Structure formats: C-alpha cells, structure tokens
Amino acid sequence: MKPLQELTRPNIWSLAPYSSARNEYAGKTAHVFLDANENPYNAPYNRYPDPLQEELKKTISKIKGVPSANIFLGNGSDEAIDLPYRCFCQPGIDNVVAIEPTYGMYKVCADINDIEYRPVLLDEHYQFTAESLLARCDNHSKLIWICSPNNPTGNNLSYEEIVKTLEQFQGIVIVDEAYSDFSRQKSLRSELSKYPNLIVLNTMSKAWGCAAIRLGMAFASQDIISLFNKVKYPYNVNQLTQEKALEALNNQMEVEKWVSVILQERGRLMEAFRLLPICEAVYPSDANFFLARMTDAQAIYDYLVDQGIIVRNRTRIQLCKNCLRVTIGTRSENSELVGALRQYK
C-alpha cells in the first residue's frame with residue numbers, strides 16, 4: 001500500500017483533535033470532577049462517558065481476539081463506514097470502488113461526502129475477482145468496499161480474491177463482516193498485522209441482538225484507529241450503550257444458542273421456500289437471511305404486507321430482479337410466513 005500519510009487527507013493528517021476533559025487526566029486517579037461543566041447530581045448519568053470506551057474495548061478484545069489498540073467503536077457501523085471517507089477521500093477528487101449489489105450505505109456515504117462511487121457487478125454466482133475491482137481503480141482510488149457475507153445476496157465472497165485485492169491495491173480495503181457470526185469462513189480480523197491497509201467492520205446489531213443500542217466496530221492498524229479517533233465526535237458512544245454492550249458481551253453463551261437456532265431455522269425456511277410454486281430459486285446463504293427469486297416479487301411483497309408480514313423487496317437492485325430478502329425470525333414467525341405464502345394465489 002501507499003504510505004498512510006499519502007492516503008490521508010492533508011487536513012486530517014495535521015488535525016489537532018478536540019481534547020475532552022476526560023482525556024486530559026488519563027492515567028491518573030480522581031474522585032472530584034469539576035472540569036467538564038457537568039451537573040454534580042444524578043450520578044452516574046450526569047458524567048460524560050469514556051470517550052475511548054476502554055473497559056468495553058477490553059471485553060471486545062478478549063472475545064474478538066484483537067488488541068484494544070486496534071479497535072474503534074462507533075455509533076453503529078454507519079459511523080465506521082463514514083469515517084474512511086472523511087479521513088482518506090478528498091471531496092470532488094477521489095473515488096472508491098465497491099462490489100454491486102451490496103449494502104447501500106457505502107454509496108450513501110460516498111454521495112454525502114461528494115466522492116465518486118464506482119460499482120463493479122458481481123457475476124452470476126454473486127462472486128467477484130480482484131482483477132475486476134482493480135480494473136476500476138486509478139490514482140485517485142482510495143477505498144475498496146467488500147461485504148462478506150454480502151448484503152443482500154447472503155453469500156460469503158471468495159476469501160482468496162479478497163486477499164488478492166488486499167495484496168495488490170495501493171489504498172484501503174474495507175471488509176464488512178457484519179454477518180460473519182453466522183458464517184464458517186475465517187474472519188479477516190486475524191490478518192490485521194499482515195495487511196496494514198485492511199479495515200474489518202463488525203457490529204452488535206446482528207448475532208448479538210443489539211441493533212437498538214447502535215454499536216459498531218472497526219478493526220484496523222493502530223495508525224488507522226488513531227486517525228478515526230482524531231475525527232470522531234468526542235463522546236460518540238453514550239454511557240447507556242456502553243453499559244448495555246458490556247451486559248450483552250457477558251452473555252456470550254446465550255448468543256451462541258441464538259445463532260445455532262437461527263442457522264437451523266435458516267435451513268428449514270430455505271427448504272420451505274424451495275417447495276413453493278411461486279419461488280424460482282433460493283440462493284446460498286452464510287448470513288441470518290437469504291435471497292429468493294420469486295415469480296413476481298412486487299405482488300408477493302404487497303400481499304405479505306397486507307398480511308402484516310414484512311420482508312425486503314430487492315427487485316430494483318441490480319442482479320436481484322424479482323428477489324425478496326428474507327430475514328430469519330423465530331420458528332413461529334417463519335412458519336407464519338410460509339403459511340401465508342402457501343395461500344398466495
């Protein structure tokens with residue numbers, strides 16, 4: 001890769017970050033806090049939260065096998081998606097390359113930051129090659145976005161092709177592993193020391209069942225994490241989120257049970273879809289959802305809405321004509337969905 005300073009926007013590299021009251025006495029013990037203009041009453045929520053979430057990062061470090069210094073925590077994965085644009089991409093000048101179809105926030109953040117977004121279509125098996133992505137790159141390509149397991153297709157992307165991309169691209173490669181807890185494929189976060197241009201995203205929203213608390217994770221080199229910490233808002237993860245995340249992380253065995261049940265239900269529901277006359281194909285999934293091609297996705301979607309059942313209609317997405325994306329619910333929810341579809345005429 002190019003030197004990180006060369007990839008980083010000059011104003012960000014030289015940025016003097018906001019110094020919060022909690023940072024200035026780091027490493028010291030204190031019990032009287034008269035520095036941050038806080039109300040002295042209503043403890044503990046009268047105090048600003050830890051701006052770097054040190055206790056939470058220590059717990060995540062043990063579970064994910066990544067040193068705390070290589071972890072960034074944000075307000076959902078969306079913050080970790082936006083920060084690479086703000087750190088590395090010059091508006092109106094630089095561009096990013098991404099697989100297509102994929103998670104829509106990569107393009108939304110590109111548009112917000114005035115960065116050219118260059119999609120590269122997956123093949124008929126929803127796979128890509130490093131060659132196809134690199135062919136769209138030029139001297140102003142700063143980021144490549146890869147989601148694996150991919151949303152909305154549900155499948156793992158080729159590990160070998162991701163590695164080739166990492167080895168050959170001169171910029172930053174971001175691999176979004178939001179659904180990796182449902183997959184058997186090796187996580188790339190174990191390769192951070194080998195690839196200084198790698199950022200791996202993860203979230204508490206999926207396997208951990210904590211979408212409401214909005215906690216996203218980015219794993220990367222210490223240098224990249226330092227840049228993120230310079231640019232993020234000082235108290236980007238609130239105290240309630242930090243507390244709830246710690247509570248959830250201490251419930252790992254229950255989460256493993258949830259994942260196991262979801263995977264069993266995924267197999268059952270996918271098989272039930274294959275038997276439906278209105279279903280033309282069910283695509284392989286390594287996530288907690290799957291993609292199914294229907295005879296008429298819009299009409300079936302509208303019918304399900306009338307039944308009070310909501311799935312995601314992806315028919316307007318490239319390579320997903322007449323496809324519905326179905327999240328795995330509880331056994332009773334899944335059975336209600338199948339029952340409704342069997343009644344569809």
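This is a predicted model: local features need pLDDT of at least 70, side-chain atom pairs count only at pLDDT 80 or more; totals for chains, interfaces and linings use all residues.
**Note on the pockets and cavity of the model**

1. Helix H5 provides the largest share of the lining of the largest pocket, namely 4 residues.

2. The volume of the largest pocket is about 630 Å³. Its lining comprises 31 residues, and those closest to the pocket centre are Tyr 103, Gly 104, Asn 151, Tyr 179 and Arg 325. Two or more lining residues come from each of helix H5 (76-88), strand S3 (116-121) and strand S11 (323-327).

3. Among the residues closest to the centre, the reader may wish to locate Tyr 103 and Arg 325 in the structure.

4. The second largest pocket holds about 300 Å³ of space. A total of 15 residues line this pocket, with Arg 22, Tyr 25, Pro 49, Asp 50 and Pro 51 nearest its centre. By class, its lining consists of 7 nonpolar, 3 polar and 5 charged residues.

5. How many cavities of 30 Å³ or more does a search of the whole structure find? The search finds 1. The volume of the largest cavity is about 70 Å³. It is lined by 13 residues, of which Ser 148, Glu 177, Gln 185, Lys 186 and Ser 187 are the closest to its centre.

6. The lining of the largest cavity contains 5 nonpolar and 6 polar residues, together with 2 charged ones.

How values were computed. Residues are numbered from 1 along each chain as its sequence is written. Side-chain values use heavy atoms; hydrogens and water are left out. On a 1 Å grid over the protein atoms alone, a cavity is a set of points where a 1.4 Å probe fits but cannot get out, and a pocket is an open set with protein on both sides within 12 Å along at least five of seven lines; lining residues have an atom within 4 Å of a point. Grid points are joined across faces, edges and corners, and a volume is the space filled by probe spheres set on the points. Ala, Val, Leu, Ile, Met, Phe, Trp, Tyr, Cys and Pro count as nonpolar, Asp, Glu, Lys and Arg as charged, and the others, Gly among them, as polar.
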